[in-house]
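Colleague: Could you take me closely through the side-chain contacts of this model, and say which parts of the chain they join and how buried or exposed the partners are?

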Amino acid sequence: MRAVIQRVSEASVTIEGQVKSAIGNGLLVLLGVTADDNDDDIEWLVKKIAALRIFDDDEGVMNRSVMDVDGEIMVVSQFTLMASTKKGNRPSYIHAAPHSIAIPCYERFCEKMRSATGKDVATGEFGANMKVRLLNDGPVTIIIDTKNKE
């Protein structure tokens, strides 16, 4: 499981011209799932993201989590995060989980994030052509892969 976490001032997902969800200050999490990801990966990644101290404290030091700043969270599925570019110029998505695995994993991730933070989680729509807008604050962008836990 791979996540690109962006600290944002605002973010939104639009599908077919209609805004599906939007957040203000908080985190936009782009989430990629592999076929071998499991509940341990979900638990670990949710805890890591919820506690990630990438918001400024009173001294301007990144020392606060999304929960500390009462920020919002948006999670958008993005299978292209699992792209392999080792050969040629066309990315291979062989490592991305099929829908039958990815959708339940994504939904469990969102539910665990709701439980861990006590906050509603804005989402995109799995498999839809989404237009994601964001205003990256900083910019701050962190990449976390559950295959690199140790």
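Modeller: What follows goes through the salt bridges, then the aromatic pairs, and lastly the cysteines.

This is a predicted model, in which local features need pLDDT of at least 70 and side-chain atom pairs count only at pLDDT 80 or more, while totals for chains, interfaces and linings use all residues. Residues are numbered from 1 along each chain as its sequence is written, and side-chain values use heavy atoms, with hydrogens and water left out.

If a salt bridge is taken as a side-chain nitrogen of Lys or Arg within 4 Å of a carboxyl oxygen of Asp or Glu, the count comes to 12. One of them joins the side chains of Lys147 and Asp37, with an N to O distance of 2.7 Å. Because Lys147 lies in the segment after β8 (130-145) and Asp37 in the loop between β3 (26-32) and α1 (39-51), this pair ties together parts that are 110 residues apart in sequence; helices (H or I, at least four residues) and strands (E, at least two) are DSSP runs, numbered from the N terminus. As for accessibility, buried means under 20% relative accessible area, exposed over 50%, and partly exposed in between, with a 1.4 Å probe and protein chains only. On that scale Asp37 is buried, at 7%, whereas Lys147 is partly exposed, at 42%.

A further salt bridge is formed by Lys112 and Glu43, whose closest N and O atoms are 2.7 Å apart. Here distant parts of the chain are linked, since Lys112 belongs to helix α2 (residues 99-117) and Glu43 to helix α1, 69 residues apart. Lys112 is partly exposed, with a relative accessible area of 33%, and Glu43 is also partly exposed, at 30%.

Asp58 and Arg64 form another salt bridge, in which the closest N and O atoms are 3.4 Å apart. In this pair Asp58 is exposed, with a relative accessible area of 67%, while Arg64 is partly exposed, at 27%.

Phe79 and Tyr93 form an edge-to-face pair, 5.0 Å centre to centre and with 70° between the planes. Phe79 and Tyr93 each lie in the loop between β6 (72-77) and α2, so the pair ties together parts that are 14 residues apart in sequence. Tyr93 is partly exposed, with a relative accessible area of 34%.

Tyr106 and Phe126 form a tilted pair, with 6.0 Å from centre to centre and 55° between the planes. Because Tyr106 lies in helix α2 and Phe126 in the loop between β7 (121-123) and β8, the pair ties together parts that are 20 residues apart in sequence. Tyr106 is buried, at 6% relative accessible area, whereas Phe126 counts as partly exposed, at 26%.

Finally, a search of the whole structure finds zero disulfides, a disulfide being a pair of cysteine sulfur atoms within 2.5 Å. Cys105 is in no disulfide, and the nearest cysteine sulfur, that of Cys110, is 10 Å away, which is too far for a bond. Cys105 counts as buried, at 1% relative accessibility, and Cys110 likewise counts as buried, at 3%.

How values were computed
Phe/Tyr/Trp six-rings, centres within 6.5 Å; stacked < 30°, edge-to-face > 60°.
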